[in-house]
Amino acid sequence: NCKSVLKELDKYYPGASEYEVAGFFWWQGDKDRYDEAYATMYRRNLVALIKQLRVEFDAPDAKLVLATLGQTSMATAKGNEELILNAMLAVDGNSGEYPDFLGNVATCYSHPLSKGGSSNGHYNGNAETYMNIGEAMGRAMVEISSGATDERMKSEAVIF
């Protein structure tokens, strides 16, 4: 696991003597959409996860970028998928729902980036889907790492 790698950093990265956890990426939620109890608790658990990752890795200023499930459309989501989508959008720092996340948590709405399939089918193995979402998450990380919290970022943060 990553904790053991960090403990023996020099073994895995010869010459390295220190590290900094500057951020995390999160693209998950598929299995939670099949269980109403999990979907109902997704927002609460996601907030707890973000806070705990920062504690666990002694990285209180670490940024976090997450991506929504690609098959889930804002226009048609319902039931458990809607609960998970709304939870993911709510933790975006620019949503205003979690002021502590402003400028350090961003959500990428990935539905327009997905080229078909669904998360449980690994998006039909479509490499373009993975590339699109990875690039969007990377851009989001660059934005929040640069400290951009101006009006432009507020209007674009959810959809990179």
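Which residues have the most contacts inside the largest nonpolar core? In this predicted model, they are Phe-24, Leu-46, Ile-50, Leu-64 and Val-91, within a core of 19 residues. Helix α3 (36–56), strand β2 (63–67) and helix α4 (79–91) each give two or more residues to this core, and α3 supplies the largest share, with six. A second, separate core has 11 residues, among them Cys-108, Leu-113, Met-137 and Ala-140.

Let's turn to helix α5. It runs over residues 127–145 and spans 26 Å from first C-alpha to last, close to the expected 27 Å. At its start, a side-chain oxygen of Asn-126 comes to within 2.8 Å of the backbone nitrogen of Glu-128; just after the helix, Gly-147 adopts a positive phi of about 80°. The buried residues of α5 include Ile-133, Ala-136, Met-137, Ala-140 and Ile-144. In an α-helix, residues three or four places apart point the same way, because there are 3.6 residues a turn.

Now for the aromatic rings, which form five pairs in the structure. In one of them, Trp-27 and Tyr-123 are stacked, with centres 5.4 Å apart and 15° between the planes. Trp-27 sits in the loop between β1 and α3, and Tyr-123 in the loop between β3 and α5, so their pairing ties together parts 96 residues apart in sequence. Trp-27 is partly exposed, at 29% relative accessibility, whereas Tyr-123 is buried, at 2%. Ring pairs also bring Tyr-130 into a cluster with Trp-27 and Tyr-123.

Note on methods. Residues numbered from 1 in each chain as written. Predicted model: local features only at pLDDT ≥ 70, side-chain atom pairs only at ≥ 80, totals over all residues. Heavy atoms only, no water. Helix = DSSP H or I, 4+ residues; strand = E, 2+ residues; numbered from the N terminus. Expected span 1.5 Å × (residues − 1). Buried < 20%, exposed > 50% of the residue type's maximum accessible area, 1.4 Å probe, protein only. Polar contact = N/O pair within 3.5 Å; in protein donor to acceptor, adjacent residues only side chain to side chain. Core = buried A, V, L, I, M, F, W, Y, C linked by side-chain atoms within 4.5 Å. Phe/Tyr/Trp six-rings, centres within 6.5 Å; stacked < 30°, edge-to-face > 60°.
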